[in-house]
Amino acid sequence: MSLTLHAHPLSSFCHKALIAFYENDTPFTQAMVDLMSPEGAAAFKSLWPIARMPLLRDDARDVTLPESSIIIEYLQDYYPGRTRFIPQDPDLARQVRLADRFYDLYVQQSSQKHVFDMLRPEGAKDPHGVSEAGAMLRTALALVERDMSQRIWAVGETFTLADCAAAPALFYADKLIPLAKAHPHAARYLERLMQRPSYARTLKEAEPYFAMYPG
């Protein structure tokens, strides 16, 4: 099998890439990354010194790619399937890429700031940074609520890269700020995403690891 995805089942950005694989039934091997193990961390850093997941290796084309958005675009270009992640229309494609960055940078990373702070030892906490991240997350969720009051998917009429990003971003944000009460449209959008077979499968595979999630 040509494609290997180096990933961890709890990683939100790995979820994003996995959704794309499962959307199109793209054959691949998943290699578990264990950064808590010195040997596992060293092995992964030998492939990608930045040591951020996911990482795609395509032996057939001798290509190694980090970053979930880039991986998904690569799959569309070289391993296309029934779901097209970036529309052909340039204006719509730009909207999809913008929404992808929005969910990664303002929803997902704001949520991650809270989670990573939980993992810090006493004396190394960052309450100011957590407060800033919380304000950003609330602002971003208000925008999601506004937009999803009139939409089924993040951009346009079909499932795209933006929805791949939105699914794990909202799933983990919901653990910090439950969406149902204050953001009902965002909550219904998350429900649609979780019912999508590609993300339902991703979550099912992650279930055995959820006990490791802090908080």
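Tyr79 is partly exposed, at 23% relative accessible area. That value is for a predicted model. Its ring partner is Tyr74, in a tilted pair: 6.4 Å centre to centre, 45° between the planes. Tyr74 counts as buried, because its relative accessibility of 7% falls under 20%.

Next, the other rings. The count comes to 10 aromatic pairs. Tyr22 and Phe28 make one that is tilted, with centres 5.9 Å apart and planes at 50°. Tyr22 is buried at 8%. Phe28 is buried too, at 15%. Further along, ring pairs join Phe171, Tyr172, Tyr199 and Phe210 into a cluster. Phe171 also has a charge over its ring: the charged end of Lys175, 4.3 Å from the centre. Arg61 does likewise over Tyr78, at 3.7 Å.

Now the sheet. Four strands, open, mixed pairing, order β2-β1-β3-β4. Which strands stand at the edges? β2 (29-32) and β4 (63-66); each has a single partner strand, so one side of each lacks a neighbour in the sheet. The twist averages 20° from one strand to the next. β1, residues 3-7, pairs with β2 in the parallel sense over four bridges. Leu5 stands opposite Gln30 in β2. Helix α1, residues 12-23, packs on the sheet and touches β1, β2 and β3 (55-58). Its direction makes about 155° with that of β1.

Last, the core. The largest nonpolar core has 55 residues. Leu5, Leu56, Tyr103, Val107, Leu170 and Tyr189 touch the most other members. Helix α6, residues 161-176, gives the largest share, 11 residues. Back to Leu5: its contacts include Ala17, Leu18, Phe21, Phe28 and Ile71.

How values were computed. Residues are numbered from 1 along each chain as its sequence is written. This is a predicted model: local features need pLDDT of at least 70, side-chain atom pairs count only at pLDDT 80 or more; totals for chains, interfaces and linings use all residues. Side-chain values use heavy atoms; hydrogens and water are left out. Two strands pair if DSSP finds at least two bridges between them. Helices (H or I, at least four residues) and strands (E, at least two) are DSSP runs, numbered from the N terminus. Axes are lines fitted to C-alpha atoms, for helices over the stretch in contact, and angles run from 0 to 180 degrees between N-to-C directions. Contact means heavy atoms within 4.5 Å. A nonpolar core is a set of buried Ala, Val, Leu, Ile, Met, Phe, Trp, Tyr and Cys residues joined through side-chain atoms within 4.5 Å. Buried means under 20% relative accessible area, exposed over 50%, partly exposed in between (1.4 Å probe, protein chains only). Rings of Phe, Tyr and Trp (its six-membered ring) pair if their centres lie within 6.5 Å; planes under 30 degrees apart count as stacked, over 60 as edge-to-face and the rest as tilted. A charge sits over a ring if NZ of Lys or CZ of Arg is within 6 Å of the ring centre and within 35 degrees of the ring normal. Lists of a residue's contacts leave out its neighbours within four places in sequence.
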